[in-house]
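Please read it alongside the model.

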Amino acid sequence: MNKGIIAAAFAIALAVPAFAQQQTPDGGNKKADDAAAKMKEEAKAYFADTDTAEYGVRYRLFYLYNKEKNLLFEEDRVVLVRPEVTLDMSYEGIGETRWRLANPNSRGGDMGLAYHLTPSFYFYYPETDRFVKTYRIISEEFLLSDGKSENKWEIGKEEKKIGLYNCRKATCEIGGRKWTAWFTTDLPHRAGPRTLTGLPGVVLEAYDQDREVRWMFNGLVENMPESPLYVKIPSKYTDIPVENFPKILRLFSLSDNSYIQSAGVMSKSPGYYPEKYRPSTGIDACLVDNPIER
């Protein structure tokens with residue numbers, strides 16, 4: 001196992017207190033500001049020569065991840081759409097950046113964001129039905145799967161309107177669940193969240209038969225010069241064996257103390273999970289007894 005990535009995971013939990021101690025006389029945070037500037041430069045280099053999406057479809061994901069304790073996870077996700085490829089990813093980074101641009105003097109945050117970020121990425125190539133799943137842990141890119149989507153949708157006659165868009169109902173069994181999706185041809189190209197791909201349009205809403213997992217349409221996202229919608233396809237992947245990924249992921253998710261109770265490692269009050277003890281970064285530290293793909 002890569003010792004560097006393990007050390008970096010633990011360093012995350014220690015970094016925030018260190019920043020807090022480096023305040024400048026005017027109340028600012030010099031070390032944090034310097035780190036933010038450095039991250040901005042690194043991001044500029046990382047996204048150099050990267051294509052951008054024509055637009056994005058924003059969803060709120062609702063996921064009953066633990067049925068025993070009735071625990072619901074929420075995350076803002078977005079599917080970035082280009083004609084040749086789509087990308088499902090967390091919306092948190094984009095949403096936070098855009099809120100800061102619109103509110104430069106505010107110390108608060110966007111009340112419309114769930115503030116959960118799961119660094120999973122789903123690439124779909126409509127012309128070939130190729131489907132690629134990747135995951136980023138710090139600077140390591142993991143290729144988890146690369147195959148073909150073979151969804152066999154049944155398109156019905158039932159229609160409804162979602163927002164401004166006319167949608168049609170379709171059903172399919174994927175990953176052990178029976179799904180209903182509502183898709184529109186009012187938007188260009190083909191796209192859908194996660195594995196719910198292959199329909200002749202853009203999926204705006206989807207849920208399983210028991211409504212334990214739901215993607216609900218939350219508006220369109222436009223490309224902006226100051227906040228581009230990059231469709232970044234990894235240029236290389238880690239040489240860490242993929243079979244070690246679950247161990248590294250678990251270590252990474254537990255490196256932040258705020259994860260401990262939701263991870264099921266420790267619980268002072270069984271069955272009670274106050275908001276501050278829920279995952280601050282994603283689903284991976286949660287004690288999942290109800291997987292999306294069964």
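Arg194 lies in the loop between β9 (177-184) and β10 (202-208), where helices (H or I, at least four residues) and strands (E, at least two) are DSSP runs numbered from the N terminus. The model is predicted, so that local features need pLDDT of at least 70 and side-chain atom pairs count only at pLDDT 80 or more, while totals for chains, interfaces and linings use all residues. Residues are numbered from 1 along each chain as its sequence is written, and side-chain values use heavy atoms, with hydrogens and water left out.

- Although Arg194 is buried, it has no salt bridge, and the nearest side chain of opposite charge, that of Glu293, is 4.1 Å away; a salt bridge requires a side-chain nitrogen of Lys or Arg within 4 Å of a carboxyl oxygen of Asp or Glu, and in assigning charge Lys and Arg count as positive and Asp and Glu as negative, with His and the chain ends not counted.
- The side chain of Arg194 does make a polar contact with the side chain of Tyr122, at 2.8 Å, a polar contact being a pair of N or O atoms within 3.5 Å of which, within protein, one must be able to donate a hydrogen and the other to accept it, and residues adjacent in sequence count only if both atoms are side-chain atoms.
- Not counting residues up to four places away in sequence, Arg194 touches Asp88, Tyr122, Phe131, Trp215, Ile292 and Glu293, where contact means heavy atoms within 4.5 Å.

**Positive phi angles**

- Most residues other than glycine have a negative phi.
- Arg194, which is not a glycine, has a positive phi near 50 degrees.
- Asn70, also not a glycine, has a positive phi of about 55 degrees; Asn70 lies in the loop between β1 (55-66) and β2 (71-81) and is exposed, with a relative accessible area of 58%.

- Trp215 belongs to strand β11 (residues 213-221) and is buried, with a relative accessible area of 2%.
- Beyond its neighbours within four places in sequence, the contacts of Trp215 include Tyr59, Arg77, Trp179, Pro193 and Arg194.
- Trp215 and Glu74 are 141 residues apart in sequence, yet their C-alpha atoms are 9.9 Å apart in space.
- Glu140, in strand β6 (residues 140-148), is buried without a salt bridge, its nearest side chain of opposite charge being Lys236 at 8.3 Å, whereas its side chain makes a polar contact with that of Thr238 at 2.7 Å.

**Strand pairing and helix packing**

- Strands β7 (residues 154-162) and β8 (residues 165-174) run antiparallel and are joined by six bridges, pairing being assigned if DSSP finds at least two bridges between two strands.
- These strands, β7 and β8, form a hairpin with two residues between them, and Gly163 in the turn has a positive phi of about 65 degrees.
- In helix α3 (residues 92-102) the buried residues are Glu92, Ile94, Gly95, Glu96, Arg98 and Trp99, and they pack against β2, β3 (86-90) and β11.

**The chain as a whole**

- The chain contains four helices and eleven strands, and buried residues make up 43% of its 294 residues.
- Of the contacts with a separation of 6 or more, 55% are between residues 24 or more positions apart.

Key: Buried < 20%, exposed > 50% of the residue type's maximum accessible area, 1.4 Å probe, protein only.
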